[in-house]
Amino acid sequence: MTKTSLICGSLAIDTIMQFDGRFGESLLADQLHKINVSFVVPSMRSEFGGCSGNIAYSLKMLGGEPRIVGVMGQDSGPYLERLEKLGISTANILIKADSYNAQCFVTADADNNQINAFHPGAMSFAHENNVADAGPARVAIISPDGDMGMLKHAVDLAALNIPIMFDPGQQLPRFNGEQLIDFIDKATYVTANDYEIEMLMERTGLTLQDMAARLEALIVTRGANGSEIYTGGKRIDIPVVVADAVLDPTGCGDAYRAGLLFGITNDLDWETSGRLASLMGSIKIAHQGAQNHKLTTAQIADRFEAAFGYRY
């Protein structure tokens, strides 16, 4: 059986700015209806990003076989060249010559809170990229992308009988309860952070247990409090792996999801998959940018053994 993972999602350029203060010190709770603030950001950098690019980067580092299904614009050249040098296929990346790449502008404060502005650009045409053209796969993840594309990919992947990991992320508010329930019913796995799972429950009317009963696994990440995997009628608590440094949270969730996908494609048990995902998040957060952590597969295995006492 193929070990390929289809990575459906955004490909973006991240402009990341660091505010040395705290947002809470500049925002007045009783004046949020008329915000007019400016944050001085002494440092700014540009990074390769987007959910599918980030996930594929970490999955390739683990030794996985990612195949990106995404859309880029007229300014795609440097990103495509980078992916090819990494050995990540660009064959299923659609180029829209009359659009720009998706662009994310991130401002982070001293507590790692973030305020983001996102221009979808070419990502808006995700529905024009036919996921069936990517060929067979062990699993596919539907991560944040153009909303019409996410809906179409779910239908097409279900028809192809490819197991789906649904990762709505920041696109979750764009879907109503009926659409979200349909995503869940088509999916084999759902992953969300603590904020997103609350919104998912509110919009669908489903409890954690309701969702878990419809899935092979429901994965909920809770930042510094670790993560939980609901599977087979039980809850597995996954601890945080202490990071070498806490520098930049951008892309940590994507690195975590790469660990899950590697676990699925290599038939690891859920506790091991979750622990590997936790390790990947801790490795990422110690580096600036979503795609600048660089370890060999052997180094990752060594770190896993050091953290958990056995090799995956």
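Analyst: Lys152 is partly exposed, at 31% relative accessibility; partly exposed lies between buried (under 20% relative accessible area) and exposed (over 50%), with a 1.4 Å probe and protein chains only. Because Asp156 and Lys152 are 4 residues apart in helix 3, about one helical turn separates them. Helices are DSSP runs of H or I with at least four residues, strands are runs of E with at least two, and both are numbered from the N terminus.

This is a predicted model, in which local features need pLDDT of at least 70 and side-chain atom pairs count only at pLDDT 80 or more, while totals for chains, interfaces and linings use all residues. Residues are numbered from 1 along each chain as its sequence is written, and side-chain values use heavy atoms, leaving out hydrogens and water.

Asp147 forms a salt bridge with Arg174, with 3.2 Å between the closest N and O atoms. This pair links distant parts of the chain, 27 residues apart: Asp147 is in helix 3 (residues 147-159), and Arg174 is in the loop between strand 9 (164-166) and helix 4 (177-186). Asp147 is partly exposed at 22% relative accessibility, whereas Arg174 is exposed, at 51%.

The whole structure holds 17 salt bridges.

Conventions
Salt bridge = Lys/Arg side-chain N within 4 Å of Asp/Glu carboxyl O.
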